Amino acid sequence: MNVAMKFEDLEKVYDLLAEAIDRVGPDNEAIFLSKVCLVLSHKIGDLDLVEESIKAGEQNIV
Amino acid sequence: MKPSGKSELDSLYFEYPNYPFQTPPEMRGEKRAHPVVIVGAGPVGLVAALELARHDVPVVLLDDKASLNEGSRAICVSRYNYETFQQLGVVSAFEEKGLGWTHGRCYYKEEQIYRLKMPHSNEERFYPMYNIQQQYIEKYLADAALSSPNISIRWQSKVSGIKAQSDGVMLDIETPEGPYQIIADHVLAADGARSVVRKELGLRLKGDSYEGRYLIADIQMQSDFPTERRAFFSCPVLGDSTVLIHKQPDNIWRIDYQVEGNTEDAIKEGNVRSSIAAVLNFIGESAPWELEWWSIYNASTLCLDDYRHGRVTFIGDSAHLVPIFGVRGLNNGIADAVNAAWKLAYVIKGWAHERILESYTPERRGATLDVFKSAGKSTRFMTPPTRGYRLLRDAILSLTPNNSFAQPFADPRQVSPYTYSASPLTYESVDSTEFSGGIVAGAPIVNMKVDKENYLLDYLGLGFSGIYFCDQDSAPDALTKLSSKLAVGSEPFKLLVIAKNEFYQGSLTVIEDATGSIFDAYGAEDGSFYLVRPDRHVCGRWQNFNQNEVSQSFQMALGGIVE
């Protein structure tokens, strides 16, 4: 099982994603985020974990 | 559809034959018994007729047309079916005309993102895939059928009714000279997607239809681009739709493109022409071109619950409709035809138990269901049904150039022959688990190179064959006695010995395999044995030849002992 990321690192991810979203621009943010999800899924290699993450992402939207 | 001013059978490159109606014996008041009547002389019906004729069974083939099917329709024939054509004795015409290919290119927007390479080696006789227009496929098969003494084709003969009884099938036929009836012991329904036989028997195809539609068009154009499958995703000139391009013989190019919105508008000649012009401009073709033919297509996965209905057996599109991506429609139809025909021939000849026919649906419907499994996936990729699917598809395509893990998504999942592992005719030998590779029971044999000019298939018999692998200088006695035990009716059992060393055995056909490449392809050791059906599929295999088990497997492959 993967170990949860340190909070300091997660803060870095926060900044990195925010800056990348700004770089690709509003027209490309959806495809950009989809690509990141696919790459991460491939690297994690654990379907359950990915499914859990998708569900977590879907919560409290709208 | 044809350009305005052209009739259905006007073609830029193909001369459609005209097949006259000939008064059949039944209309002259003569009674005839017919073991098999095939409805539909398209490629599937013709292959079934040729396979029956090959086993010396007389066939009547009925078709409502006076010529071949109009338009090029199916254009890809797999290696597996070139091997079938070889067995039917027609492959030389196909080899001369067809364009073999091994590669493809995949584009996303403007960029090439993936180079497809299909598994191929110089040890194989045929390419993995050939492009050839359906008219030629039908023409070569019809020419062979017309010259076969066992086949009688009745053109301009339309089936209008069918009565299937336990002891035979009666067909009502309409002809230019009036109606008549014909009675057959067995009927093969090869009458296509809109099968009259299926409708008359009250049977229905079940399954799903997909939203996405494709316009498929043929043009004639001079171009040096090689024979490769090109797939363009998000093609910028056609509103980000998907476009597929294939080369065919006679400078004919197939262009398929996804159609959004109104079908009626999409099929108008002017719109077809402007879409094609935009695509050609996009791929950098500037030569003049002419429009030959076009049609509209919508993907579905539909099939019958049972491919047999008493004495009527459905082969090809009458039994199943599959999406075009992966070129499985015609290819699986031909495999249906051979599968149904050799079994029926063996039953008619009294060589196999009638139970053998029960293996047809599990084997061939199994192949269809296998297609359905991946068809949904490939259709959703080729034609994303929702915004979400579209986004993920584009995300994958955008990842493909730099991330090899994404490439299999772009792979067209082309047709591959189905393995009959769950078939009642397939034998799981006790020592089959000892094989580390090779060809599993139920799969077709690999047509390995034997020498400069010959391949394994050139040595196979008309009926069942056995392949024995030998690293000694002679074969066991039990093996040499096998041939006489496994002969079926007038079809001898063909025993091949693949020998690594010099081998002395007068009566056996010996193939020298000094390099061991055939041994390797079959995962064989000294004493390994493969039992092969007339349709090239492996009944069973043994790491160590076992006479009793081979005999059992052989009986199983004939549907059990004939009482």
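This is a predicted model: local features need pLDDT of at least 70, side-chain atom pairs count only at pLDDT 80 or more; totals for chains, interfaces and linings use all residues.
Let me start with the pairing of two strands in chain B, where β20, residues 465-470, and β23, residues 529-532, run antiparallel and are joined by four bridges. Helices and strands here are DSSP runs, numbered from the N terminus, with at least four residues of H or I for a helix and at least two of E for a strand, and two strands pair if DSSP finds at least two bridges between them. Within this pair, B:Ile467 stands opposite B:Tyr530 in β23(B).

Residues are numbered from 1 along each chain as its sequence is written, and chains are lettered from A, with ligands numbered from 1, in the order in which they are written.

Strand β1, residues 34-39, and β2(B) pair in the parallel sense over four bridges, and the bridge partner of B:Ile38 in β2(B) is B:Leu61. Which residues cover the two sides of strand β2, residues 59-62, of chain B? B:Val59 and B:Leu61 lie on one side and B:Val60 and B:Leu62 on the other, and all are buried, where buried means that 20 or more other C-beta atoms, placed from the backbone, lie within 10 Å of the residue's own, exposed means 12 or fewer, and partly exposed is in between.

Stepping back to the whole chain, chain B has 14 helices and 24 strands, and 49% of its 563 residues count as buried. The C-alpha atoms of chain B fill a box of roughly 70 × 70 × 40 Å along the principal axes.

Chain B is divided into domain 1 (25-98 + 130-207 + 301-370) and domain 2 (432-557), with bounds that come from an automatic or database domain assignment. Nine residues of domain 1 of chain B are in contact with nine residues of domain 2 of chain B, contact meaning that the C-beta atoms, placed from the backbone, lie within 7 Å. On the domain 1 side, α2 (79-87) and α8 (329-348) of chain B each supply at least two of the touching residues.

Two single residues are worth a look. B:Thr426, found in the loop between α11 (407-410) and β20 of chain B, counts as buried because it has 23 C-beta neighbours inside 10 Å. Not counting residues up to four places away in sequence, B:Thr426 touches several residues, among them B:Ala441, B:Cys539 and B:Gly540. B:Arg115, by contrast, sits in strand β6, residues 111-117, of chain B and is exposed, with 11 other C-beta atoms within 10 Å. B:Arg115 and B:Asp411 are 296 residues apart in sequence, yet 9.3 Å apart in space, C-alpha to C-alpha.

Finally, chain A. Chain A has three helices and zero strands, and of its 62 residues, 3% count as buried. How many residues of chain B are in contact with chain A? Nine residues of chain B are in contact with seven residues of chain A, and the chain B side has six nonpolar, two polar and one charged residues, where Ala, Val, Leu, Ile, Met, Phe, Trp, Tyr, Cys and Pro count as nonpolar, Asp, Glu, Lys and Arg as charged, and the others, Gly among them, as polar.

Definitions and conventions
Two residues are in contact if their C-beta atoms, placed from the backbone, lie within 7 Å.
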